[in-house]
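Visitor: I am new to reading protein models, and I would like to learn how to look at one feature at a time. Could you take me through this one slowly?

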Amino acid sequence: MGIKSLFDVLRKSARIFFELFVLSWALCSCATEGLNVKKTSLSYSKYLIGLVNDRLGTVDEAVKFYQEAKRLDRRAPTLYARLGFDYIRLKKFNEAIAEFEKVIRLAPDDDYARYVLALLYVQLNDFRKSADQYEKLLAKNLRNRSQNIQLRRNLSQLYFLEGDYSSVKRHCTEILQWDPLDEDGLYMSAMIASEEGSTQQAVEGFKEVLTHYPDNVEAMNALAYLYAEKERELDQALVLAEKAVEYDPFNGAYLDTLGWVYFKIGETDKAIEFLGRASKLMIDPTILNHLGEAYYKKEKLKEAKASWTLSLSLDPRQKDIRSKLKTLSSEHDVRF
């Protein structure tokens, strides 16, 4: 028997011995006690065995013992938390959420459990529920500067994903009152201005971010894209977009911006190159729309139709693409 095999046998033997010892101790210690005390002690023994399995990396076994412990004592938040963390390790996020929700019910002041629950909701793209947890944490940390700012940063990002721009503005305003040069606060304020069509305000906002944080690649990309969309400062847009792609050459959003800038300055072959790379990294209706435009300009009508059709299937609300496809079929008599 090799050293590794011997070690595995010893480890398993030690675990079995420990499990038997803990169970025997629990039973003996409860021999003269009432039923509730006995259940609590047995639950604790199961919990300890679960911890051993966690340490050994046998997570499925740990889950079984935590579940047994929970059936014996449903009042211990630690049991639910341990079970929740193991479900996270097993990537069973719905189950983990259920356990941490029970932790919060049993221990409403457990900020750490609430924070974990907020992160779990993000895993399931439930940004509203995540924001609800952060709002509750914020209410308890209004006077703590660092906690206040960080929680509001998280909330502004979640509300942005939800399209709740008024809430983003509210939190960004509070952030910038605490710290007028906060990077996230400045960036998110510029993003909101861009989304609401306040182009000049957005441009000035992104410029301010880059003045104080010249390596903020998100601001570089956003400003370059804004310039391309408005067909202004295209030389500067190209510099910014190239720098963003140099920073992260496998980011589909950055490649899309660079390709779109090339399209706007008339370098259609390069536009197709970068937009094509972007479309392979991200299945996104905007990227496919841009790629269709570039193909159409090069009179690659079959490719243009394929890109626009896929873009429309991803987002059927795009009336402009329906019009493009109708024009493409009627005016050019494209046959496939």
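Visitor: Where is E233 found?

Guide: E233 is found in the loop between helix 12 and helix 13, and please keep in mind from the start that this is a predicted model. The place of E231 is in that loop as well, between helix 12 and helix 13 (234–247).

Visitor: Is E231 buried, partly exposed or exposed?

Guide: E231 has a relative accessibility of 53% and therefore counts as exposed, because the cut-off for exposed is over 50%. E233, at 48% relative accessibility, counts as partly exposed.

Visitor: Next I would like to understand salt bridges. How many does the structure hold?

Guide: Side chains of opposite charge can pair when their charged atoms come close. The structure holds 21 salt bridges, and one of them joins the side chains of D54 and R89, at 3.2 Å from N to O. D54 lies in helix 2 (residues 35–56) and R89 in helix 4 (residues 77–89), so this pair ties together parts that are 35 residues apart in sequence.

Visitor: Which residues are linked with D54 in a network of salt bridges?

Guide: The network of salt bridges links D54, D86 and R89. As for accessibility, D54 is buried, with a relative accessible area of 10%, whereas R89 is partly exposed, with a relative accessible area of 46%.

Visitor: How many residues apart are K102 and E99, and where do they lie?

Guide: K102 and E99 both lie in helix 5 (residues 93–106) and are three residues apart, which is about one turn of the helix. Their side chains meet in a salt bridge, with 3.8 Å from N to O. K102 counts as partly exposed at 26% relative accessibility, while E99 is buried, with a relative accessible area of 5%.

Visitor: With which residue does E135 form a salt bridge?

Guide: E135 forms a salt bridge with R170, and the closest N and O atoms are 3.6 Å apart. This pair links distant parts of the chain, with E135 in helix 7 (residues 127–140) and R170 in helix 9 (residues 165–178), 35 residues apart. R170 counts as partly exposed, at 41% relative accessibility.

Visitor: Which helix gives the most to the lining of the largest pocket?

Guide: Helix 12 gives the most, with seven residues of the lining of the largest pocket. At least two residues of that lining come from each of helix 10 (183–195), helix 11 (199–212), helix 12 (217–230), helix 14 (252–264) and helix 16 (285–297). Sorted by class, the lining of the largest pocket has eleven nonpolar, seven polar and six charged residues.

Visitor: How far apart in space are K264 and A228?

Guide: K264 and A228 are 36 residues apart in sequence and 6.5 Å apart in space, taken from C-alpha to C-alpha. K264 has its place in helix 14 and is partly exposed, with a relative accessible area of 22%. In another pair, I287 and T257 are 30 residues apart along the chain, and their C-alpha atoms are separated by 8.9 Å. I287 is found in helix 16 and is buried, with a relative accessible area of 2%.

Visitor: Finally, which residues make a nonpolar surface patch?

Guide: Y112, Y115 and L119 make a nonpolar surface patch of about 310 Å². L119 lies in helix 6 (residues 111–123) and is partly exposed, with a relative accessible area of 39%.

Key. Residues are numbered from 1 along each chain as its sequence is written. This is a predicted model: local features need pLDDT of at least 70, side-chain atom pairs count only at pLDDT 80 or more; totals for chains, interfaces and linings use all residues. Side-chain values use heavy atoms; hydrogens and water are left out. Patches are made of residues with over 30% relative accessible area and no salt bridge: like charges are joined within 9 Å, nonpolar side chains (Val, Leu, Ile, Met, Phe, Trp, Tyr) within 5 Å. Accessible areas come from the Shrake-Rupley method with a 1.4 Å probe; for residues, only the protein chains shown count as cover. A salt bridge is a side-chain nitrogen of Lys or Arg within 4 Å of a carboxyl oxygen of Asp or Glu. Helices (H or I, at least four residues) and strands (E, at least two) are DSSP runs, numbered from the N terminus. Buried means under 20% relative accessible area, exposed over 50%, partly exposed in between (1.4 Å probe, protein chains only). Ala, Val, Leu, Ile, Met, Phe, Trp, Tyr, Cys and Pro count as nonpolar, Asp, Glu, Lys and Arg as charged, and the others, Gly among them, as polar.
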